[in-house]
Amino acid sequence: MNPALKTNNRHSHRTWRKFLSPILLILTWEITTRAGLVESWFLPGPFLVFKTLYGMTISGEVPYHTAISMGRAAAGYLAAAVLGIGLGLLIAWSILIEDFFDPLIELIRPLSSFALVPILFLWFGVGDTSKIILIFKSCFFPILLNTIAGIKGVDKKLIMAAKSLGANEGQLWIRVLIPSALPMIITGLRISTAMAMMSLVGVEMLSSDSGLGFLVIDAQRTFDTQRVFAGIIVLSVVGFTVDRVSRIIQSKALYWHTQTSLGGQ
Amino acid sequence: MSFITARHIGKTFNGKNNSDPTVAIGDLTLDIEEKEFIAIIGPSGCGKSTFLLMVAGLESATSGELAIEGKPVTGPDHQRAIVFQEFLLFPWKTVKGNIEFGPRINRVDKGICQTLSRDLIRLVGLEGFEECFPHELSGGMKQRVAIARALANKPKVLLMDEPFGALDALTRETMQLELQKIWQKAQCTVLFVTHSITEAIFLADRVVVMGSRPGFVKKILTIDLERPRSRKIHTSHTFRRYEQILKESIWEEEEDGSWERVPALEKRSA
Ligand SMILES: Nc1ncnc2c1ncn2[C@@H]1O[C@H](COP(=O)(O)OP(=O)(O)O)[C@@H](O)[C@H]1O
Ligand SMILES: [Mg+2]
């Protein structure tokens with residue numbers, strides 16, 4: 001039977017079931033450490049970790065580093081969104097522009113963002129600029145490629161229908177092509193939020209004196225395992241929140257979007 | 001001078017990647033009068049869709065002349081609306097938004113747009129579904145929206161490419177009756193492509209039978225049945241007679257048409 005056909009009651013059971021594995025993990029973790037199976041500098045128990053985390057939050061440390069990290073991520077991400085969508089639309093519009101940019105895209109895209117770190121640090125120093133550019137590089141290509149694929153994938157007959165209704169070139173883009181491509185563009189934007197978080201933490205660990213990546217690596221350098229775990233928990237919560245928020249934005253923007261997107265069968 | 005005149009129309013598609021060009025239509029000549037309902041039937045690949053797209057101005061003929069009211073067709077025009085089998089509604093717009101799309105982009109006053117869409121929604125029987133999105137509608141309802149959207153520009157020509165081909169048999173019969181009613185109200189010329197002989201006879205003033213490889217007009221049959229036509233007409237003697245004539249005309253191709261299958265075989269072995 002199709003799971004979607006089950007009743008609402010069953011559905012709420014499913015929600016609760018999803019708390020089971022995290023709770024079990026934390027319990028096992030706590031019991032292991034309490035039983036003295038591992039030393040606490042190696043693996044502190046969850047109770048201690050959450051206590052440390054609470055202290056770091058009250059002192060303003062966690063909010064401070066979170067704000068700095070999110071600022072960097074947002075700057076790189078927004079630049080990638082604007083330029084990625086912009087260039088994507090231009091490339092989908094003109095084959096000349098596509099042929100001009102395509103080789104560059106194919107050369108730079110597969111390159112790991114971190115391969116750029118040495119050059120970025122040489123050119124821009126170890127400050128925010130390098131970090132933002134690195135995040136930009138990670139986010140730009142998924143957005144760009146999804147925009148291009150979204151526009152190019154619009155049903156030719158839908159375009160014909162719009163033209164026969166009197167749409168000129170501009171109206172076709174604004175009222176048909178871009179709305180049709182929106183599900184793909186938004187998917188690219190959502191993939192990129194995860195990319196932004198990943199490269200952010202990496203580059204902050206490499207060289208930084210602030211941000212969540214710094215917080216974790218700095219604690220490791222002083223062998224403060226409780227702070228390491230506290231930092232990782234913050235990163236996980238931030239990542240989860242960003243993903244949830246972007247999912248909500250996606251479903252709000254695409255309220256009309258289902259599998260039967262063109263009104264066909 | 002007829003309303004639509006197609007004179008020795010030919011259409012050749014250039015093959016992609018150096019493959020052979022396809023001659024879709026060889027030599028097609030057809031005159032259509034204003035407010036006439038023309039049904040076009042013929043085997044798959046004989047150029048029915050291509051011809052419709054040419055009348056819509058979405059494809060150009062490679063030879064011959066195509067004119068409407070004496071003016072050559074050069075591009076798409078909101079006076080010529082097209083309805084496809086696949087509905088192709090705008091999924092992000094409501095029923096109302098879809099129907100108002102044409103008048104809106106043609107800068108018709110907002111109030112007039114609303115009156116227009118209200119009337120059309122009533123005409124196609126979609127009252128109560130104004131604010132629904134396409135994915136909430138059944139196939140028959142989607143096609144009603146597509147027809148209303150096409151009529152919203154008050155077109156002189158309505159082009160329909162197998163519009164009921166994706167619908168189940170019962171819905172299809174209902175839609176045929178509705179379309180007859182809609183056409184009588186909307187007062188436009190209709191070119192209606194179908195694979196169903198009975199659908200063609202039921203709806204049309206004249207049925208055009210096309211032959212293939214490359215496409216041409218093989219036969220034109222005038223349907224002399226009183227309007228409005230009801231379901232009962234299917235069992236009338238005259239209706240049966242027309243059905244017989246059209247079937248024979250289509251079979252004829254298959255029988256003397258061993259030549260028709262040869263190119264297909266050649267292609268496969270190549
Ligand atoms: N855009 C196109 N490019 C190349 N060949 C095409 C194109 N459109 C149609 N054809 C070819 O032209 C012929 C007629 O097609 P079509 O008009 O779709 O036929 P029908 O609607 O009668 O089934 C077919 O052989 C088809 O393969
Ligand atoms: Mg066809």
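This briefing describes the domains, cores, interfaces and selected residues of a predicted model. Local features are given at pLDDT of at least 70 and side-chain atom pairs at pLDDT 80 or more, whereas totals for chains, interfaces and linings use all residues. Residues are numbered from 1 along each chain as its sequence is written, chains are lettered from A in the order in which they are written, and side-chain values use heavy atoms, without hydrogens and water.

**Domains of chain B**

- Chain B comprises domain 1 (33–59 + 157–268) and domain 2 (80–154); the bounds come from an automatic or database domain assignment.
- The C-alpha centres of these two domains of chain B are 25 Å apart.
- Domain 1 of chain B contributes 24 residues to their contact and domain 2 of chain B contributes 16 residues, contact meaning heavy atoms within 4.5 Å.
- Between them, domain 1 and domain 2 of chain B bury about 1700 Å², of which 69% is on carbon and sulfur atoms; buried area is the accessible area (1.4 Å probe) that two parts lose on being put together, summed over both.
- B:Leu158, B:Met175 and B:Ile182 account for 25% of the area that domain 1 of chain B buries against domain 2 of chain B, more than any other three residues.
- One salt bridge is counted between the two domains of chain B, the term denoting a side-chain nitrogen of Lys or Arg within 4 Å of a carboxyl oxygen of Asp or Glu.
- B:Glu178 and B:Arg144 form a salt bridge, with their closest N and O atoms 3.0 Å apart.
- Nine residue pairs are in polar contact between the domains of chain B (both at pLDDT 80 or more); a polar contact is a pair of N or O atoms within 3.5 Å, where within protein one must be able to donate a hydrogen and the other to accept it, and residues adjacent in sequence count only if both atoms are side-chain atoms.
- On the side of domain 1 of chain B that touches domain 2 of chain B, the elements giving two or more residues are helix H1 (48–56), strand E7 (157–161) and helix H5 (169–186) of chain B; helices (H or I, at least four residues) and strands (E, at least two) are DSSP runs, numbered from the N terminus.
- H5(B) supplies the largest share of that side, eight residues.

**Nonpolar cores**

- The largest nonpolar core has 72 residues, of which B:Ile4, B:Ile40, B:Phe51 and B:Leu191 touch the most other members; such a core is a set of buried Ala, Val, Leu, Ile, Met, Phe, Trp, Tyr and Cys residues joined through side-chain atoms within 4.5 Å.
- Helix H9 (residues 169–206) of chain A gives this core its largest share, 10 residues.
- Because domain 1 and domain 2 of chain B both give residues to this core, the core lies between them.
- Beyond its neighbours within four places in sequence, B:Ile4 has contacts that include B:Leu30, B:Val55, B:Ile68, B:Val157 and B:Leu191.
- Another core, of 51 residues, lies apart from it and includes B:Ala148, B:Met160, B:Met175 and B:Leu225.

**Interface of chain B and chain A**

- In this interface, 30 residues of chain B are in contact with 25 residues of chain A.
- The two chains bury about 2400 Å² between them, 66% of it on carbon and sulfur atoms.
- One salt bridge is counted between chain B and chain A, and the side chains of B:Glu86 and A:Lys157 meet in a salt bridge at 3.0 Å, N to O.
- Four residue pairs are in polar contact across the interface (both at pLDDT 80 or more).
- Strand E6 (80–84), helix H2 (95–105) and helix H4 (139–151) of chain B are the elements that give two or more residues to the side touching chain A.

**Selected residues**

- B:Gln143 belongs to helix H4 of chain B and is buried, at 0% relative accessible area; buried means under 20%, exposed over 50% and partly exposed in between (1.4 Å probe, protein chains only).
- The side chain of B:Gln143 reaches the backbone oxygen of B:Phe84 at 2.9 Å.
- B:Gly42, in the loop between strand E3 (37–41) and H1 of chain B, is buried, with a relative accessible area of 10%.

**Backbone geometry**

- Most residues other than glycine have a negative phi, and most peptide bonds are trans.
- Cis peptide bonds join B:Arg213 to B:Pro214, with omega about -15°, and B:Arg227 to B:Pro228, with omega about -5°.
- A:Phe223 has a positive phi, near 55°, and is exposed, with a relative accessible area of 68%.
- B:Gln187 has a phi near 55° and is partly exposed, at 47%.
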